[in-house]
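The sequence and the structure come first.

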Amino acid sequence: QVQLVESGGGLVQAGGPLRLSCAASGTISSIDATGWSRQAPGRQRELISITSGGNANYADSLKGRFTVSRDDAKNTVYLQMNSLKPEDTAVYYCNANVRSRLCGPSDNYWGQGTQVTVSS
């Protein structure tokens with residue numbers, strides 16, 4: 001079994017930065033595609049980025065402010081958020097396609113989410 005745990009959320013002032021982490025644990029052979037999304041109260045979940053094959057793609061509205069990175073040795077992906085705005089307030093989720101065996105199937109896992117609140 002695999003678990004994803006997000007961390008790094010909290011309260012930040014508008015204009016400030018915040019970095020979220022998503023650590024994968026369990027039986028992991030490889031982590032394929034990873035993604036970040038968010039959900040604000042009363043709104044649908046919004047895709048932030050998808051990373052696959054080393055290439056990261058971002059929602060057009062977030063390009064330039066949000067950057068993803070990855071530390072394979074730690075099985076951890078990061079979301080660096082800069083110039084935060086009150087409208088960035090949401091619960092942020094990571095997800096990943098993980099193989100538990102070298103030639104096994106890739107299963108999709110989601111973290112529990114971490115709250116980010118941006119004050120004006």
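Predicted model: local features only at pLDDT ≥ 70, side-chain atom pairs only at ≥ 80, totals over all residues.

Strand E4 covers residues 30–39. E4 is joined to E9 by eight bridges, and the two strands run antiparallel. Within this pairing, Ile31 has Val98 of E9 as its bridge partner.

E4 also pairs with strand E5 (residues 46–52), again in the antiparallel sense, over five bridges.

## The four-stranded sheet

A separate heading is given to the open sheet of four strands, whose order is E1-E3-E8-E7 and whose pairing is antiparallel. Strand E1 (2–7) and strand E7 (66–71) are at the edges; each has a single partner strand, so one side of each has no neighbour in the sheet. From one strand to the next, the twist averages 15°.

E8 pairs with E3 and with E7. Six bridges connect E3 and E8, which run antiparallel, and Ser21 has Tyr78 in E8 as its bridge partner. Six bridges also connect E7 to strand E8 (residues 76–81), again antiparallel. Tyr78 in E8 stands opposite Ser69, while Val68 has Leu79 in E8 as its bridge partner. E7 and E8 form a hairpin with four residues between the strands, in which Asn75 takes a positive phi near 50°.

## Cover over E8 and the setting of Val77

How many of the six residues of E8 are buried? Five of them are, and the strand is mostly covered. Val77 is found in this strand. Its relative accessibility is 9%, and the cut-off for buried is under 20%, so Val77 counts as buried.

Beyond its neighbours within four places in sequence, Val77 is in contact with Leu20, Ser21, Cys22, Thr34, Trp36, Ser69 and Arg70. Val77 and Gln112 are 35 residues apart in sequence, and their C-alpha atoms are 15 Å apart in space.

## The disulfide

A disulfide is a covalent bond between the sulfur atoms of two cysteines. The count for this model comes to one disulfide. Cys22 and Cys94 form it, with their sulfur atoms 1.9 Å apart. The torsion about the S-S bond of Cys22 and Cys94 is about 60°, so the disulfide is right-handed. Cys22 lies in strand E3 (residues 18–26) and Cys94 lies in strand E9 (residues 90–99), so the bond ties together parts that are 72 residues apart in sequence.

Are Cys22 and Cys94 buried or exposed? Cys22 has a relative accessibility of 4% and counts as buried. Cys94 is also buried, with a relative accessible area of 0%. Cys103, by contrast, is exposed, with a relative accessible area of 76%.

In soluble globular proteins, nonpolar side chains tend to be buried together. The largest nonpolar core in this model has 26 residues, of which Leu20, Trp36, Phe66, Leu79, Met81 and Tyr92 touch the most other members. The elements that each give two or more residues to this core are E1, E3, strand E4 (30–39), E7, E8, E9 and strand E11 (114–119). Which element gives the most to this core? It is E9, with five residues.

Note on methods:
Residues numbered from 1 in each chain as written. Heavy atoms only, no water. Pairing = 2+ DSSP bridges. Axes fitted to C-alpha atoms, helices over the stretch in contact; angles between N-to-C directions. Disulfide = S-S within 2.5 Å. Buried < 20%, exposed > 50% of the residue type's maximum accessible area, 1.4 Å probe, protein only. Contact = heavy atoms within 4.5 Å. Core = buried A, V, L, I, M, F, W, Y, C linked by side-chain atoms within 4.5 Å.
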